[in-house]
Amino acid sequence: MNVVGISGSPRINGNTSYLIDQALEEIKTFGIDTELVHLSRCKISDCIGCEGCRHTYACVIQDDMQKLYPLLEKADAIIVGSPTYFYDVTALMKAFLDRLYCWEAFDDDDRSVWMSVNEALGGKLAAVISVCEQTRAEDTGHAAMTMQLTLQSLGYRVTDCAEVINLFAKNEAGDNVAAIQQARSLGQKLAKTMLLKNTIRSKYTGPAE
Ligand SMILES: Cc1cc2nc3c(=O)[nH]c(=O)nc-3n(C[C@H](O)[C@H](O)[C@H](O)COP(=O)(O)O)c2cc1C
């Protein structure tokens, strides 16, 4: 089993990456493999709404998303994290989420009938982390919600959504016990849910490979 973390922060060693990494460290203690992707190291163009993916479920834009699609397809779960930029996710994170549009399928004649590829194939898990500087939860705005709703529409069961407040400077998260605890418990819950899924599957269909 493996979990891929996706950081939408332009700061490689910033708070978001640190907290996703803390969640992944917790997950490793359950014997689950992990990997962290920094979107700021990737070239990801905006979705252009060309509908080139309509019947193939594959995006036609040739950039670093073509490396991320197979990584995400293979992952049993993902952790998606973004700093709050003006009450929402960063542009990097939004571009990444929009490019997952190719995994939505629609009835040819009635677009109110739709289903994601993940939903059709079944069983993907996700968790969300948003980070903000201010000390009131409302100052994080829609950041967590943007990630959660998008992932849910893409067929991910979102096990947890941590809205981490009161982190401004690049390295602050490392000294913030409450923030680390939030990330660690998010990781633990995701790992336990993955193991529960395996238990259920093996009872019904035999042990997983
Ligand atoms: C362009 C920009 C917009 C921001 N908007 C908000 C905001 O709306 N609310 C907030 O609490 N913090 C805001 N912040 C602060 C960041 O969310 C905060 O510094 C966060 O810790 C950065 O995470 P990182 O270290 O992972 O990059 C903003 C920062 C920038 C650069």
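An open sheet of 5 strands, paired in the parallel sense, has the order 2-1-3-6-7. Strand 2 (33–38) and strand 7 (156–164) stand at the edges with a single partner strand each, so one side of each is left without a neighbour in the sheet. Helices (H or I, at least four residues) and strands (E, at least two) are DSSP runs numbered from the N terminus, and two strands pair if DSSP finds at least two bridges between them. On average, and with direction ignored, neighbouring strands of this sheet are turned by 15 degrees against each other. The model is predicted: local features need pLDDT of at least 70, side-chain atom pairs count only at pLDDT 80 or more, and totals for chains, interfaces and linings use all residues. Residues are numbered from 1 along each chain as its sequence is written.

Strand 1 (residues 2–7) pairs with strand 2 in the parallel sense over 6 bridges, and Ile6 has Val37 of strand 2 as its bridge partner. Helix 1 (residues 15–28) packs on the sheet, where it touches strand 1, strand 2, strand 3 (77–83), strand 6 (124–131) and strand 7. Contact here requires C-beta atoms, placed from the backbone, within 7 Å. The direction of helix 1 makes about 155 degrees with that of strand 3; axes are lines fitted to C-alpha atoms, for helices over the stretch in contact, and angles run from 0 to 180 degrees between N-to-C directions.

Strand 3 runs parallel to strand 1, to which 5 bridges join it, and parallel to strand 6, with 7 bridges. Ser7 stands opposite Gly81 of strand 3, and Val80 has Val128 of strand 6 as its bridge partner.

Not counting residues up to four places away in sequence, Ile79 touches Val3, Gly5, Ile20, Ala23, Leu24, Ala127, Ile129 and Leu190.

The buried residues of helix 5 (residues 143–153) include Ala143, Met147 and Leu151, and their cover includes strand 3, helix 3 (91–98), strand 6 and strand 7. Leu151 counts as buried because it has 24 C-beta neighbours inside 10 Å. Not counting residues up to four places away in sequence, Leu151 touches Val80, Ala126, Val128, Tyr156 and Val158. Helix 5 is followed by Gly155, whose phi is positive, near 90 degrees.

Around the ligand there are 19 residues, among which Ser9, Gly14, Thr16, Pro83 and Cys132 come nearest; a residue is near a molecule or strand if its C-beta atom, placed from the backbone, lies within 6 Å of it. By class, this shell has 8 nonpolar, 7 polar and 4 charged residues. Ala, Val, Leu, Ile, Met, Phe, Trp, Tyr, Cys and Pro count as nonpolar, Asp, Glu, Lys and Arg as charged, and the others, Gly among them, as polar.

Key:
Contact = placed C-beta atoms within 7 Å. Buried ≥ 20, exposed ≤ 12 C-beta atoms within 10 Å, placed from the backbone.
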